[in-house]
Amino acid sequence: MSKFEFPKSIASRPVWGTLEVRPGEHHLMIAEAEGVEAVLAIATPDLMAKTHLIYIPKGTDYVERLQALKPAQFYEGPSYEASLQRIRRVLEDAHMGLQVYLTGSEGMMGQAMNEVMAVGLPHTAIQTEHRGSVARRMQCVHCKGITEDVEVDPFVCAHCGLNLFVRDHYSRRLAAYQGVRVDAEDHGNVPEPKGIYE
Amino acid sequence: MTIQFNDESFRDDYTFHNSDWAIKRFPFPFHEDSYMYSVNMEQHRGGPEGSVYEMRFDVDEHYVSEMKDRAMVLDQDPLRCQSLPHMTLAGWDLLELIMVSKSEDYPDLFELHRNGNQWRWINKPMGIDHSFTFMDETTLPYGPMEYITRQAQGDFAVLDQRDEMLWMDAGMVTTQADWSLDFDIGMNFFEWHAPVPKAHEMGIFQRALKFLLNIQQGAPVRRLNWTMTVNPLLDTSPENYHKWGIQKTTLTPENIAHKQHLRVELQTFFRLPRSNALVFPIRCYLCSFQDLMTVPKWGRRLHRVIRDLPEELATYKGFIDNRPMMLDYLSQFDDGLPTSPGIWPDLETEPPLSK
């Protein structure tokens, strides 16, 4: 599956990488939906024998292919939120040298990265690769509510109901892009939503 | 010197006003008849008597009312003041810097009495007389940064310095030109400036960062920045943009003279002694078009700057739609005569409007 090429943007917008195998005794992989393709691209028997693999399907079905890789530990979580307690538990035991691989949507990678940093692992231990949905996790600057998986611009805030436009300004702390009322200077004049990269 | 403090509002009925004194000392931000970004830093060690450059933290006639407005904003939205856990020491540094500066620069308004760590702070304009223990948070009603910046005009960004980078790790931000502390907290220098057009490509931020990383204790610097605001609204925050944005459309040829304000930020930078953080006070001054036009030099120059400003900047600064109306108004005050260099009003030497 081909990767989406994000257009060049401003300095706060994250730039995602390409996974590669790193040496290490312990590896943690979180693959969301098509992110599995990035795991399949680097998986070797030696690597997977030392890997705890967390898979969040989001409508995909890669279970058999992933189990065939024979990871040291395998978990299928129905959503990122549902997997979070487990991820935290795994990170609690993490030692320096743990290699972390995050792949899938921007929202999942951004949030998981914060969890990894929160336990004191260095950012250099984290690799990312964007795959699949280009939807964004958005914070409404007005009510502060987060709307997940936003695919269109403008969109309706899931919390306060305002029509927000999608900025490229991104907060790593919130793992979210910023949404700002689109019709603030002309109430009711809301443009027809279209895909964020259209 | 004595200051007569205005009783005025920066919202709803907008009774904000500048006295003649305040107009003459307004920090007009254009030193020539055109504007482009630059790293326009100079040392902040005083300036002409009575100017906003004279003191380390300028106190003017708006002080008491601005502090009331800040308290209202914080009441509605406590997220405007935040400090990441490692920034408390920098907060104490800032408290000391402001208390020492104000008590030395305005001895009739502020007093600081220190006996070891037992400090007594007197703020006469705000009616505060408070004894506390320096470096003991339990003796203050707020954290040290919040406590002192509830008593100091302007926004404050407190920047941590590590890995040859500045990080926006604390701040008090209630009079901002449309940026969100809550969103930007924790970002590095390039990230929080990311939405600014053009300046990245021009290398402005790379050079500015290099300069700021090397600021030394006791050698603060300053620069001016500017934008436009309809109505003398201090709280032009993104948080409340869904409420105030519509005010931009209330401008008419009849009301533009008193409704349209030039918004100028006096930005200063001080190195803090214990934390090695950098504090970045962003002091906002507002002046209506009609008050600015009482200075002939500023009338001529403002027209030329706004007329020739690149479209991208007028858009970023949020007045592209109102620019034609502004120019209709401002052109009345431009007779084509040359202007003297520098920002000062030069009322004695510049000719009156000949039109």
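Q: Into which domains is chain A divided?
A: Domain 1 (27-130) and domain 2 (136-187), with bounds from an automatic or database domain assignment. This is a predicted model, where local features need pLDDT of at least 70, side-chain atom pairs count only at pLDDT 80 or more, and totals for chains, interfaces and linings use all residues. Residues are numbered from 1 along each chain as its sequence is written, while chains are lettered from A and ligands numbered from 1 in the order in which they are written.

Q: How many residues are in contact between domain 1 and domain 2 of chain A?
A: Five residues of domain 1 are in contact with six of domain 2; contact puts the C-beta atoms, placed from the backbone, within 7 Å. The domain 1 side has no nonpolar, four polar and one charged.

Q: Switching to scores, what are ipTM and pTM?
A: ipTM is 0.91 and pTM 0.94.

Q: And how many residues of chain B are in contact with chain A?
A: 18 residues of chain B, with 18 residues of chain A.

Q: Which elements of chain B give two or more residues there?
A: Helix 6 (189-192) and helix 8 (241-244); helices are DSSP runs of H or I, at least four residues, numbered from the N terminus.

Q: What about helix 11 of chain B, what do its buried residues pack against?
A: Helix 10 (289-292) and helix 13 (323-330) of chain B. Among the buried ones are B:Trp298 and B:Ile306, buried being 20 or more other C-beta atoms within 10 Å of a residue's own, with C-beta atoms placed from the backbone.

Terms used
Contact = placed C-beta atoms within 7 Å. Nonpolar A, V, L, I, M, F, W, Y, C, P; charged D, E, K, R; others polar. Buried ≥ 20, exposed ≤ 12 C-beta atoms within 10 Å, placed from the backbone.
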